[in-house]
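Please keep the sequence and the coordinates at hand while reading.

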Amino acid sequence: MAQNIYDNPEFFAGYSTLPRQVHGLDGAPEWPAIRAMLPTLTGKRVADLGCGFGWASRWMRAQGAASVLGLDLSQNMISRAKADTSDPAIDYRTADLETLELPEAAFDLVYSALTFHYVEDFQRLTRMIHKALVLGGALVFTIEHPIFMAAAHPHWIADVDGRKTWPVNGYSIEGERRTDWFAKGVLKYHRTLGTTLNTLIDAGFGLRRIEEFAPTREQIEHSPELAEELERPMMLLVSVQKTEVR
Ligand SMILES: C[S@@+](CC[C@H](N)C(=O)[O-])C[C@H]1O[C@@H](n2cnc3c(N)ncnc32)[C@H](O)[C@@H]1O
């Protein structure tokens with residue numbers, strides 16, 4: 001059973017104050033880079049895995065998606081997503097991605113933002129998603145970058161010439177990582193970049209685009225705190241396509 005930290009009241013209260021939850025997709029600096037990786041949405045059947053408050057689900061529909069299935073482990077998240085949505089073509093449900101089974105060839109796009117690093121069995125998940133997509137369908141997702149995950153974030157260890165330095169510990173030791181972020185002992189799973197991409201390839205996906213998100217100069221001028229993200233990548237953005245039927 002996955003850790004359901006988003007249903008912890010203390011965690012949820014803190015998380016709800018993040019700019020990306022207050023302002024939605026425009027509050028996420030990586031959103032323009034993600035948007036550039038998405039296929040045309042007109043008429044597409046979409047699954048949004050770890051949909052949270054439903055910001056992306058609603059955006060997909062506004063871009064012309066035929067339907068969106070928004071799934072999340074947290075009842076808090078699903079309740080909030082339902083409260084903020086009045087669109088019968090978006091169906092929100094609670095589900096655990098560790099055990100989820102989607103119908104075969106029922107989706108044109110599977111999307112997921114900052115959720116897969118909470119899932120222990122990435123191999124099972126990617127194979128299941130591959131089956132759920134039509135041939136030519138896309139999987140576009142973001143995760144915490146493995147370098148960021150491996151570092152003892154958010155603690156920097158030294159200030160060298162005015163630049164903070166972070167350690168990267170045990171990069172090649174995959175598995176559980178615990179962090180204190182709005183609550184103690186938040187559980188995530190570290191996988192190297194190689195494991196992440198090879199798991200997708202082995203599931204039958206072709207790589208389309210990989211971005212190690214870094215803020216633009218304009219973004220840093222607007223929000224100077226983003227400069228920190230030039231020191232080590234915080235997010236990995238991945239777009240893959242179902243290129244073969246298994
Ligand atoms: C960082 S939030 C991202 C939410 C949303 N995608 C966004 O970008 O605003 C991660 C989400 O993943 C969900 N989650 C974590 N583990 C999960 C699991 N095993 N199955 C389904 N959802 C999960 C959490 O409840 C939370 O809503």
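Is Ala105 buried, partly exposed or exposed? Ala105 counts as partly exposed, because its relative accessibility is 41%, where buried means under 20% relative accessible area, exposed over 50% and partly exposed in between, with a 1.4 Å probe and protein chains only. Ala105 belongs to the loop between S3 and S4, with helices (H or I, at least four residues) and strands (E, at least two) taken as DSSP runs numbered from the N terminus. The phi angle of Ala105 is positive, about 45°, although the residue is not a glycine.

The structure is a predicted model, in which local features need pLDDT of at least 70 and side-chain atom pairs count only at pLDDT 80 or more, while totals for chains, interfaces and linings use all residues. Residues are numbered from 1 along each chain as its sequence is written, and side-chain values use heavy atoms, with hydrogens and water left out.

Leu114 is found in the loop between S4 and H6, and its relative accessible area of 22% makes it partly exposed.

The sheet comes next. Seven strands form an open sheet in the order S3-S2-S1-S4-S5-S11-S10, with mixed pairing; two strands pair if DSSP finds at least two bridges between them. Strand S3 (90-94) and strand S10 (205-212) stand at the edges and each has a single partner strand, so one side of each is left without a neighbour in the sheet. From one strand to the next, the twist averages 15°. Axes here are lines fitted to C-alpha atoms, for helices over the stretch in contact, and angles run from 0 to 180 degrees between N-to-C directions.

Within this sheet, strand S1 (residues 45-49) and strand S2 (residues 67-72) pair in the parallel sense over five bridges. Val46 has Val68 as its bridge partner in S2. Helix H5 (residues 75-83) packs on the sheet and touches S2 and S3, and its direction makes about 160° with that of S3; contact means heavy atoms within 4.5 Å. Ser79 is found in helix H5 and counts as partly exposed, at 38% relative accessibility. From Ser79 to His130 the C-alpha distance is 28 Å, and the two are 51 residues apart in sequence.

Helix H6 (residues 122-132) lies across S1, strand S4 (107-113), strand S5 (133-144), S10 and strand S11 (235-242), and runs at about 145° to S5. Val110 is found in strand S4 and is buried, with a relative accessible area of 0%. Leaving aside residues up to four places away in sequence, Val110 touches Ala47, Leu49, Ile129, Leu133, Ala138, Leu139 and Val140. The C-alpha atoms of Val110 and Ala65 are separated by 12 Å, and these residues are 45 apart along the chain.

Where is space left inside the model? Rolling a probe the size of a water molecule over the atoms shows where empty space is left. On a 1 Å grid over the protein atoms alone, a cavity is a set of points where a 1.4 Å probe fits but cannot get out, and a pocket is an open set with protein on both sides within 12 Å along at least five of seven lines; lining residues have an atom within 4 Å of a point. Grid points are joined across faces, edges and corners, and a volume is the space filled by probe spheres set on the points.

Over the whole structure, two cavities of 30 Å³ or more are found. The largest holds about 80 Å³, and its lining includes Phe116, His117, Glu144, Tyr189 and Arg191. S5, helix H7 (146-150) and strand S9 (186-190) each give two or more residues to this lining. The second largest cavity has a volume of about 40 Å³ and is lined by Ala2, Gln3, Tyr118, Leu187 and Tyr189.

The second largest pocket has a volume of about 170 Å³. Among its lining residues are Glu104, Ala105, Arg127, His130, Asp202 and Lys242. H6 gives the most to this lining, with three residues. The lining divides into three nonpolar, one polar and six charged residues, where Ala, Val, Leu, Ile, Met, Phe, Trp, Tyr, Cys and Pro count as nonpolar, Asp, Glu, Lys and Arg as charged, and the others, Gly among them, as polar.
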